[in-house]
Amino acid sequence: MNEPLSILELILGASVVVQIVMAILVLASLASWVMIFQRGFALASIRREATQFEQSFWSGTDLREIYQELEAREEGIIGMENIFFAGFKEFNRSRQRENVDPDRVMQNVSRAMRVALSREEERLETHLPFLATVGSTSPYVGLFGTVWGIMNSFRGLATVNQASLSVVAPGISEALVATAIGLFAAIPAVIAYNRYSAQVEIIMNRFDAFTEEFSSILNRAIHDG
Amino acid sequence: MSEKLTYVVSVSMALLVHLAVVGLLMANWSADAETEITTVKPYYIEAAMVAENPFTARQRKEQETRLARAQQQETARQRQAEQQAARAQADKSARQEKEKALQDAAARNERELARLRAAEQLARVESAKADQARQAEAEERDRVALEQSLAMAVSQEQAARRAITDDEKAMAYVAQIQRDIISNWSRPPSARNGMEALLRVFLVPTGEVVNVVVERSSDNDAFDRSAMQAVTKAGRFQVPPESRQFERSFREFTVLFRPEDLRL
C-alpha cells in the first residue's frame, strides 16, 4: 500500500469487467491507428497518381496511347486512371457498333464513368466509418468501465467502518484508467476521421471535374466525327 | 506501394505508437504516485488518536505535559552530577519509552512501575551525596503519583472507549474543539498549578458558541475569565453535520481548564 501504485498494478488489479473494457479499448485504439496509417498512405498514393495522370492527360498525348498503356498495365489502375479507363473503354465499344446514335454513346460513357466514380468513392472511404465509430463510442465504453469500477469501489466502502480516502482512491484510480484509454483511442480517431473525410471530399471534387472535362472531350470527338 | 505492404507498415507503426505511449506512461508514473501517498497518510493518524471525550482527553494531555516537564527538570538536575549523569540519562530514556508503552496498555503499567522503581533505587544507592538521594526520592514520589494518575486516566479512557461504541468521527470534532480552545487560551500571570475551572459551553447546530457559564469556579476571577475568553474567542467550532450526533454530544458540553504545566 505504501509503495506507489504502478499503472500495471492498477490494470491488473481492476475487476474483470473493467479489464474487458480496457482490452476492447486497446484493441480499438490499435485498429484505429492501423487504419489511420493505412488511409494516410492510400490517400497520398491516390493523390499522387491523380496528379501524374492529369499531367500526362493534359500533355497532349493521344488518349488512345494512354488507354493502351493502362490496358497493358492491368494492375494498380486506381482513382482518375480508373475513371478514364472505364469511360474510354465504353466509348470505344459503343462506337465500334454500326449506326449508333452519338447521344446514346455519350449516355453509355457517362454511365460507365459514374459507376467507376462511385467505385472510387467507395475505395476512398474504406475504414473511415470505423474511425468514426471508434471516435464516437470509445469514450462511452471507457466511461462505462469507469462507472463500473467506481460502483464497485463504493460498494466496498459500504462495508468498511472507517471511511477514508485511501480506501476508495485506488479503486477510483484504476477505474479512471478505463476512461483514459477510451479518450486515448477516441481523440486520434476523431481527428483522423475529420482530416481524411475532408481529403476525400477534395479528391472527389477533382474526380468530378475530370469526369466532366473528359466527357466534354469525348462529346466533341464523337460529334466532330 | 502495394495494398498489402501498406497494411503491414501501418500495423507495425500502430504498434510502435502504442508501445511508445505505454513506455512513457510507465516512466512518468512513479513520481506522481509518491506525492499522492504522502498526502493520504495523516487521515488514519488523526482518526485513531482522538477516540476519547474532551474531558479525559484534556486530563490526559495535561498529565502528559506534566510528566514531560518533570522529566526535563530531572534532567537538568542530574546533569550536575558528573558520573551519574550518563547512567541516569540512559535509564531515563529507557523509561521514557516504557512510559509511552504505558499509555497504550494499562495492564503493563504495574510491572513497569516496579522496574522503574528498582532502577531508581539502584541510582540512589550509587549516588554518594545524601541530598541528591533525597532529591531523587522526591522526584520519584512525584513520578509514581504521576504515573498512577496517568494509569488511572488511561484506564478511565479505555473504559470510556469501550463504552463509546458510536462513531469515531465525533472524536475528530472533539479533538479539533480542544485544539481550538487551547490555541485561544492565554493564561493570566496569577494562574497556578492545581487551579481548576469547569465551564459549560452551549452551541447551536452551526457550531457557534451561544453561551458559556462557569460551572465550577477556580476561585480566581482572572483565571475564570481567561478560560471563558478562550471559548468565546474561538467563537465557532466545527461540529458534526448530522443533527442526531450534534444533539447527543455537542449541543452542550463541559470543558475543564487546568494549567498543570506551570512552574508555580
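The following legends describe close-up views of a predicted model.

Residues are numbered from 1 along each chain as its sequence is written, while chains are lettered from A and ligands numbered from 1 in the order in which they are written. In this predicted model, local features need pLDDT of at least 70 and side-chain atom pairs count only at pLDDT 80 or more, whereas totals for chains, interfaces and linings use all residues.

View 1. Helices (H or I, at least four residues) and strands (E, at least two) are DSSP runs, numbered from the N terminus.

**View 2. Packing of helices α5(A) and α7(A).** Helix α5 (residues 102-124) of chain A packs against helix α7 (residues 165-224) of chain A at an angle of about 165 degrees, with the axes 10 Å apart. Axes are lines fitted to C-alpha atoms, for helices over the stretch in contact, and angles run from 0 to 180 degrees between N-to-C directions. The angle therefore makes α5(A) roughly antiparallel to α7(A) (over 145 degrees; under 35 counts as roughly parallel, 65 to 115 as roughly perpendicular and the rest as oblique). The contact (C-beta atoms, placed from the backbone, within 7 Å) includes A:V105, A:M106 and A:L117 of α5(A), and A:I203, A:F207 and A:L218 of α7(A). Its residues comprise 13 nonpolar, five polar and two charged. Here Ala, Val, Leu, Ile, Met, Phe, Trp, Tyr, Cys and Pro count as nonpolar, Asp, Glu, Lys and Arg as charged, and the others, Gly among them, as polar.

**View 3. The open sheet of chain B.** Three strands in the order β2-β1-β3 (chain B) form an open sheet with antiparallel pairing; two strands pair if DSSP finds at least two bridges between them. Strands β2 (209-216) and β3 (252-257) of chain B stand at the edges with a single partner strand each, so one side of each has no neighbour in the sheet. From one strand to the next, the twist averages 25 degrees.

**View 4. Partners of strand β1(B).** Strand β1 (residues 197-203) of chain B is joined to the antiparallel β2(B) by six bridges. In β2(B), B:N211 is the bridge partner of B:F202, and B:R216 stands opposite B:L198. Six bridges also link β1(B) with β3(B) in the antiparallel sense, where B:L199 faces B:V255 of β3(B). The hairpin of β1(B) and β2(B) has five residues between its strands, and B:G207 in the turn has a positive phi of about 100 degrees.

Key:
Two residues are in contact if their C-beta atoms, placed from the backbone, lie within 7 Å.
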